[in-house]
Amino acid sequence: MKMVTYNIIRKIHLYASLSIVALLIMYVVSSYFMIHYEFFETYQWDEQEMEFSMDSSSMNGESFQMFLANNRISGKLTKDKELPNGAWTREYARAGVEHTLKYDPDQEKLTITTNRAQLPGFVVGLHRIRGYEGPLQYIIYAMLLDVVGVSLILFAVTGAVLWLKLLKYDWVAWVIFGAGFLYVGVVLGYLLLV
């Protein structure tokens, strides 16, 4: 392998690692909050409920969007269920906050239930955001996750090339390299069987 190619592979390896560090730290911390959820009270949320008198004509269009903004209801629309009588339920979620809106047309009443998490719940919420639907910031976040995925692949491939280049005559290096593949294979096999 020529020195120019070797240096290019080293730079790809370095830049790929830099792009994944922040999100990997977030995933490690959020996983720890999930594993030790009782200690950190990860899933204990504070609930608040509000009721509003609203007629069905104000439930659509710009006035309803302004109402949502004024009451700080934002996030990704995760559930939208409408019944034949005009009643509906909508759920909006973002990291650490969930809003459930229930409208009863007979009583002309809108009930908003807001659940808020503490810091561990917020970090776990970041961990669970996925998909390209929702407002712009969710699409950008999904794109960042894709960049991290590609960076992880580049990091692994370039790391393997660098490892083999530096230690091609060292049998201990080959044992460690093979043990890594064996470990990943065993974990994947176990997860496929369970």
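These legends go with several close-up views of a predicted model.

**View 1. How confident is the predictor in each part of the chain?** Welcome, and let's begin with the whole chain before zooming in. The average pLDDT over the chain is 89, and 99% of the residues reach a score of at least 70. Which element has the lowest mean pLDDT, and which the highest? Helix H3, covering residues 61-70, has the lowest mean, 86, while strand S5, covering residues 109-117, has the highest, 95. Keep H3 and S5 in mind for the next view.

**View 2. The largest nonpolar core brings together 12 residues.** To find this core, look for Met54, Met59, Phe64, Phe67, Leu68, Ile73, Trp88, Tyr92, Leu101, Tyr103, Leu110 and Ile112. Which elements give two or more residues to it? They are H3, strand S3 (88-94), strand S4 (97-104) and S5. H3 is the top contributor, giving 3 residues.

**View 3. Phe64 and Trp88 form an aromatic pair inside the chain.** The ring centres of Phe64 and Trp88 lie 6.0 Å apart. Why is this pair called edge-to-face? The two ring planes meet at 80°, and planes over 60 degrees apart count as edge-to-face, so Phe64 and Trp88 fall into that class. The pair links distant parts of the chain, since Phe64 sits in helix H3 and Trp88 in strand S3, 24 residues apart. Are these two residues buried or exposed? Phe64 has a relative accessible area of 2% and is buried; Trp88, at 6%, is buried as well. Ring pairs also link Phe64 and Trp88 into a cluster with Phe52, Phe67 and Tyr103. Finally, look for Arg90, which lies over the face of Trp88 at 4.2 Å from the ring centre.

**View 4. Phe33 and Phe40 make another edge-to-face pair.** How many aromatic pairs are there? The count is 10. In the pair shown here, the ring centres of Phe33 and Phe40 are 4.8 Å apart, and their planes stand at 75°, so the pair is edge-to-face.

**View 5. Ser17 is a buried residue in helix H1.** Helix H1 runs over residues 3-35, and Ser17 is part of it. Why does Ser17 count as buried? Its relative accessibility is 17%, and buried means under 20%. A polar atom of the Ser17 side chain lies 2.6 Å from the backbone oxygen of Leu14.

**View 6. Helix H4 has a buried set of residues.** H4 covers residues 119-128, and its buried residues are Pro120, Gly121, Val123, Val124 and Gly125. What covers them? The cover includes H1, helix H2 (37-40) and S5.

**View 7. Lys76 is a buried lysine in strand S2.** Strand S2 spans residues 76-82. With a relative accessible area of 9%, Lys76 is buried. Beyond its neighbours within four places in sequence, Lys76 is in contact with Glu91, Tyr92, Ala93, Arg130, Gly131, Glu133, Gly134, Pro135 and Tyr138.

**View 8. Glu108 meets a part of the chain 55 residues away.** You will find Glu108 in the loop between S4 and S5, where Glu108 is partly exposed at 38% relative accessibility. The C-alpha atoms of Glu108 and Ser53 are separated by 5.8 Å. Leaving out residues up to four places away in sequence, Glu108 touches Phe52, Ser53, Met54, Asp55 and Tyr103.

**View 9. Trp171 is an exposed residue of helix H6.** Helix H6 covers residues 171-193. Trp171 has a relative accessible area of 65%, so Trp171 is exposed.

How values were computed:
Residues numbered from 1 in each chain as written. Heavy atoms only, no water. Helix = DSSP H or I, 4+ residues; strand = E, 2+ residues; numbered from the N terminus. Buried < 20%, exposed > 50% of the residue type's maximum accessible area, 1.4 Å probe, protein only. Polar contact = N/O pair within 3.5 Å; in protein donor to acceptor, adjacent residues only side chain to side chain. pLDDT = per-residue confidence, 0-100. Core = buried A, V, L, I, M, F, W, Y, C linked by side-chain atoms within 4.5 Å. Contact = heavy atoms within 4.5 Å. Phe/Tyr/Trp six-rings, centres within 6.5 Å; stacked < 30°, edge-to-face > 60°. Lys NZ or Arg CZ within 6 Å of the ring centre and 35° of its normal.
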